[in-house]
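Keep the viewer open while you read.

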Amino acid sequence: MQDFLEFKAISKGYPGVQALADVSFSVKKGAVHGLMGENGAGKSTLIRVLSGDQSADNGEISIDGSTQHYRSVRDAFDAGVIVIHQELQLVPELTVAENLWLGRFPGKAGVIDRSRLTNVVREKLSEIGIEIEPGAKVASLSIGERQMVEIAKAVMADARVIALDEPTSSLSSRESEILFSLIERLRSQGKVILYVSHRLDEIFRLCDSLTVLRDGKLAAHHADITAVTREQIISEMVGREISNIWGYRPREFGEVRLEVKDIAGRKLRTPIRFSVRQGEILGFFGLIGAGRSEMTRLVYGADTRSQGTVSVDGVEVVADSPPHAIRGGIVLCPEDRKFDGIVQGRSIEENMAISSRRHFSPFGILQPKKEAELAEQFIAKLRVRTPSRKQDIVNLSGGNQQKVILGRWLSEQGVKVLIIDEPTRGIDVGAKSEIYEILYELAAQGMAIVVVSSELPEVMGITDRIVVMCQGRVAANIERDDFDERRILAAALPDVANASELPNQQVQ
Amino acid sequence: MTSLKKLLLGEQGLVVIFAIAFAIVAATVPNFLTERNMLGLLQSVVTIGIVACTMMFCLASRDFDLSVGSTVAFSGMIAVMASNATGSIVLGLIAALLCGGAVGLVNGVVIARFRINALITTLATMQIVRGLALIASDGRAVGINDPGFYQLALSKFLGIPTPIWVMAIFFVIFGFLLNRTVFGKNTLAIGGNPEASRLAGVNVSRMRIWIFALQGLVCAVAGVLLASRITSGQPNAATGLELSVISACVLGGVSLAGGRAAMTGVIVGVLIMGIAENVMNLLNIQAFYQYVVRGLILLLAVLLDNLRSAAAGRRG
Amino acid sequence: MTSLKKLLLGEQGLVVIFAIAFAIVAATVPNFLTERNMLGLLQSVVTIGIVACTMMFCLASRDFDLSVGSTVAFSGMIAVMASNATGSIVLGLIAALLCGGAVGLVNGVVIARFRINALITTLATMQIVRGLALIASDGRAVGINDPGFYQLALSKFLGIPTPIWVMAIFFVIFGFLLNRTVFGKNTLAIGGNPEASRLAGVNVSRMRIWIFALQGLVCAVAGVLLASRITSGQPNAATGLELSVISACVLGGVSLAGGRAAMTGVIVGVLIMGIAENVMNLLNIQAFYQYVVRGLILLLAVLLDNLRSAAAGRRG
Amino acid sequence: ADVKIGFIVKQPEEPWFQDEWKFADVAAKEKGFTLVKIGAEDGEKVQSAIDNLGAQGAQGFIICTPDVKLGPGIVAKAAANDLKIMTVDDRLVNADGSPLEDVPHMGISATKIGEAVGQTIADEVKKRGWDVKEVGVIRVSYDQLPTAVDRVNGALSVLKAAGFPETNIFDAPQAKTDTEAALNAATVVLNKNAGIKKWVAVGLNDEAVLGAVRATETVGIPADSMIGVGIGGADSAINEFKKPTATGFFGTVIISPKRHGYETALNMYEWVANGKEPEKLILTAGQLALRDNYEVVRKELGIE
Ligand SMILES: Nc1ncnc2c1ncn2[C@@H]1O[C@H](COP(=O)(O)OP(=O)(O)OP(=O)(O)O)[C@@H](O)[C@H]1O
Ligand SMILES: Nc1ncnc2c1ncn2[C@@H]1O[C@H](COP(=O)(O)OP(=O)(O)OP(=O)(O)O)[C@@H](O)[C@H]1O
Ligand SMILES: O[C@@H]1[C@@H](O)[C@@H](O)CO[C@H]1O
Ligand SMILES: [Mg+2]
Ligand SMILES: [Mg+2]
């Protein structure tokens, strides 16, 4: 088959960062091509260049033998390129159908053909098996549902080249399955698909060929994916071998640290109780919408509780707001980094110090030196890829932003309970194992840790105990010795007959 | 009970609350619910109402326009001066529309192409245009020579004065434009998420320029009607209009953060402003106390709407 | 060449551009660079300058305050009336600070706790407070009984009038507060992403209340100095101040979308406004043309700054 | 039927209009009619105010219009609502600028009042023995208000006639009509002409002239080297006279809100209730008040 999509010596620099340096590779028609690399390796940048959103400093793209000269997203679209970006690009105030048609509404003389608007979308959505009402406002959808809407854009547009930037990072396994079969279908229609993911098993399952980027440069190109191994890819990405990514070590548990008694809130009606001991890592597993995030927000006081108490070391924390929770020793790493995590327009340093600085700022006066030290320390420890600690956080790659938010809580003092919602979403393999190491270290110091994750291997790999949630209730509480994939999944499913609802299961 | 609650807290809650308030006022304030007073009231909100139509688009796309008051005065002035000079009312109207549109276009181009903050840009054009109006007229009002000009405002159709009809037609047109056309949806999209709109291929800067140009044109219409009603072109007319119009829009649920707007809401917002003024005068409330009452009504109106949307579970 | 470019486009580019403009004005406009004129100029921006300090915080945290003009007038009024009534200037000052602080507190509580749009809330309090000032004084200027009160504005230290010192001290304090304290950083964080800041442990609603309360207090200080300068409490004083102050801030690079602010920028913004006025009067530019020139200067100033930051690669 | 009369003014916050309303209220109490007071800052507000009066069943109204050129529109609106109309302070004009003589009016001539200011200053300068060639004139101006232009020009015409050289007249444009704006504008004039040691100031009202007086104080010009004469005679001027030591604010031309408020309301009542049409034109004069005689003048005018 012919090389259909070609990147020729693409370079792109930002102040202080060479995001892409002389990257060349090509993809054949009807192929799914994987794009891998560490956080900040340049994957999203490459895709942005392909989408016409950013122009390369050097190099060119050619599609089907003809060199492209597009200057805008519109031109790229007209050339048959559609991109699903890493960050959701939806307008919350508009409906699902309107979002899918945005930029090219159907109708005559500027008047929208409303029945076509919804009917076409309804058809397409049901064709690919997504159950979302076209008339629903995007603001009312969960993150997973929004991600599906985003993906549906690829089907709406009749493109020749489709790029997907980490599309599964917030999908349930059922939704992921829908996506996978969709990709299969597009491949059989002869489209070119560029697929970015940190999940190796997805790459192996879907892709025909693969490119690995490292520090903006082409690290490897594999025209045939069956000829490579996981270990090889990992070392091409990270530059070293990682034998056991989980690295679990047993620990001694102390007294009960976090005691949650019968808490409930608006979105979580059935009261929930659980406790975590000193040194224990408790995993929360469940399908999307099972209520885990809502639970964490209630414990942290981010949402108002209608009932129940939270205590740390036997002392009740009147956690009706995050500051109270923090003072009581509870911190939360939220799952949605764009809306709940990063403070746009501020530097990495400030994003890290935002909470912990109160410990070393006498009378509220800043100590710039201390903040700088702290920032440098965690930039190094978490391997945040950035030219400087003064860099505006919005300029970081998605995974690196996540690391900065982690750094925020790791630098906090007096933390007794650490709650992390989806700790490694969008994070590369190398950094993942470092984060796990940090969690073990903290646990060993006596911290109680709650990890919420939709990735079963992760929960099984790193936690001491798993609470399985299903439809807003605790469905099971399983000790590490009894960890069993089937048992956990069975508890997570609302209805055993509905066996297709399997969460992500990739074992590495 | 629950259905009442539903009604109050639903999409049309603001309209329902307004209807209830209207009924109470009608029942308690003498002379309020008479045909004369209703027509007077409607006429008193013509300028705000017309300009609010496009201001709604402007705010919905996350922009801001402070120059509307000056543009209304300037184009009214131009209409009078041009029709006095040429002896033709039609030429006067055309001149006014051209001038209004030009101001809007300049705003749009500066804001969208040179990427200058809308607040500052329109604050600047607000002063420049007011200055031009003053220079053109030497600071004095210009009388209308041709009495035919007055007819624009004095004429009636089915017993209702033309300006009210014009306002009503604008409400219909812009309501349609907002909800049923690509233009309207793109406006909301730009306001809701400019980045996503741009990535979806919406020509954001062209849209913004269009919105401002339209705003200028609409201000010209309002200016002409105003000049006709007050039978002269006044360089000092419509000062402070911008804040009234923006308040009416925000009262009507248009979000300053962009992306949210509804024509019914804006109509209600405009009427609330008009009724407040009207009732205070009917009740002979003292001038200084009117300030306080006006402020309290504004607060109350948004407070009610907020309670409503909080109860409905939306974000504040 | 490159180092000049660096200077112009760097962090302090606005200051450099301003310095150049200042030098040009000083060289070409007669009588500009005299001690007397400089002192006069500085005194003319005292009210704007002082209020801009806290407005900067307000805008940086994504809020908005339209009530500053009314609060300045109201608290100046109260200072005069209270010191006349008690015979003690100190009690008058305390009363003014209490009233100003109370207005700010009410704004803050309504906005942060009841989650009502800041624009509408402060538009409402702007009217309510102006109404109260008019009611309290029956619409009349209130003369100061104790000539000691005038001394606040007339007294000098090292040849420079007290109000200028007060303004300078405020610049230093609020500059420090913004850059070197947790309060300042939290303000900027709230402006950048309120929800993320809340989840990071910043007590967002308490911060907002504090910022508004502070704004009220600072307005009271400005009000007292103003009353002292014009030797009476005037209920109509400082109308339109809000727009001048907000322009000065935006000119100085404070982002209306929150999260971006710098004291040096705001000082430059305030000075630009003052110098524009001053030079136009020195050059004897006619009143109506002053409007136009004022608008053009505003535009030019942001345009230059924009070119600068565009060249520096920042987003507009 | 009950008599209901409207009283519309252009700037309800101005003390002058507060006084007019106050005195109109006195008439209302005496005769037992209802007075509806409405503030209308611009042409559009005037229109709705008249509609509003019509809707509440008033029979007539008195108005000080925001702009005299609104004349034809106001008259038409009044006719449409079947309301009798009288004007106060400012007289309505036609499109061509000629007064609407059919509408009864009580007012002051802006130019005449200005001339009185000019005369007062010229006399005092002579009395103090200043050389008119060495005296600077601050013209605190607010040119978008036609009355302001007429008043200030009236004053300047007298000063010029008295020998003040044109080159010594300096414009200080106010950005707004408050004291602070006048103060800032006048300061620039003073600093620009630091060589001139003796000053006089004219302006649209007391607040404007006070701004100029404050400016001389700030730049250190002694009170006896400044002669400011205001217009109006409301509290801001009186406060000045009450100060323990004399300031540069030499005097003010008081116009009487009593006649304007009380008499117009009374005349309108007679017209409505008894069909007695008022005189077509009554012009009242201003009266000069100084630091030592202001109390007497105010008594004479029936204020205080
Ligand atoms: N607008 C920008 N300004 C400055 N630097 C930027 C900008 N956008 C991206 N970068 C930098 O370019 C590099 C590549 O970023 P990119 O987003 O392409 O990484 P990525 O491979 O997609 O990473 P991730 O897996 O975390 O999503 C990073 O170092 C990032 O900080
Ligand atoms: N944006 C939303 N609006 C309304 N309800 C929502 C929204 N997001 C989630 N829900 C509902 O709230 C409940 C709990 O959702 P929550 O997000 O806590 O689940 P989760 O197990 O953490 O899943 P996720 O992986 O999506 O975070 C579910 O019933 C879900 O349907
Ligand atoms: O505007 C003036 C007002 O200030 C008062 O002086 C009376 O006459 C009016 O024309
Ligand atoms: Mg990426
Ligand atoms: Mg979750």
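In chain A, domain 1 and domain 3 bury about 720 Å² between them, with 39% of it on carbon and sulfur atoms. Buried area here is the accessible area (1.4 Å probe) that two parts lose on being put together, summed over both. Val17(A), Asn39(A) and Gly40(A) do a lot of the work: they supply 54% of the area that domain 1 of chain A buries against domain 3 of chain A, more than any other three residues.

A word on the ground rules: this is a predicted model, where local features need pLDDT of at least 70, side-chain atom pairs count only at pLDDT 80 or more, and totals for chains, interfaces and linings use all residues. Residues are numbered from 1 along each chain as its sequence is written, chains are lettered from A and ligands numbered from 1 in the order in which they are written, and side-chain values use heavy atoms, with hydrogens and water left out.

Chain A divides into domain 1 (3-238), domain 2 (242-329 + 414-495) and domain 3 (341-413); the bounds come from an automatic or database domain assignment. The C-alpha centres of domain 1 and domain 3 of chain A sit 31 Å apart. Twelve residues from domain 1 of chain A and ten residues from domain 3 of chain A make the contact (heavy atoms within 4.5 Å).

**Ligand 1 and its shell**

Domain 1 (3-238) and domain 3 (341-413) of chain A both give residues to the shell around ligand 1, so the ligand lies between them. There are 23 residues around ligand 1, and Lys43(A), Ser44(A), Thr45(A), Ser397(A) and Gly399(A) come nearest (a residue counts as near if one of its heavy atoms lies within 4 Å). By type, the shell has five nonpolar, 13 polar and five charged residues; Gly counts as polar in this scheme. α1(A) gives the most, with four residues.

Now for the oxygens of the ligand. One is 2.7 Å from an N or O atom in the side chain of Ser44(A), and an oxygen atom of ligand 1 is also 2.7 Å from a polar backbone atom of Gly399(A). The protein covers 93% of the 640 Å² of accessible area that ligand 1 has on its own (Shrake-Rupley method, 1.4 Å probe).

**Chain C against chain B**

This contact takes 42 residues from chain C and 42 residues from chain B. About 3600 Å² is buried between the two chains, and carbon and sulfur atoms give 81% of that.

Methods: A polar contact is a pair of N or O atoms within 3.5 Å; within protein, one must be able to donate a hydrogen and the other to accept it, and residues adjacent in sequence count only if both atoms are side-chain atoms. Helices (H or I, at least four residues) and strands (E, at least two) are DSSP runs, numbered from the N terminus.
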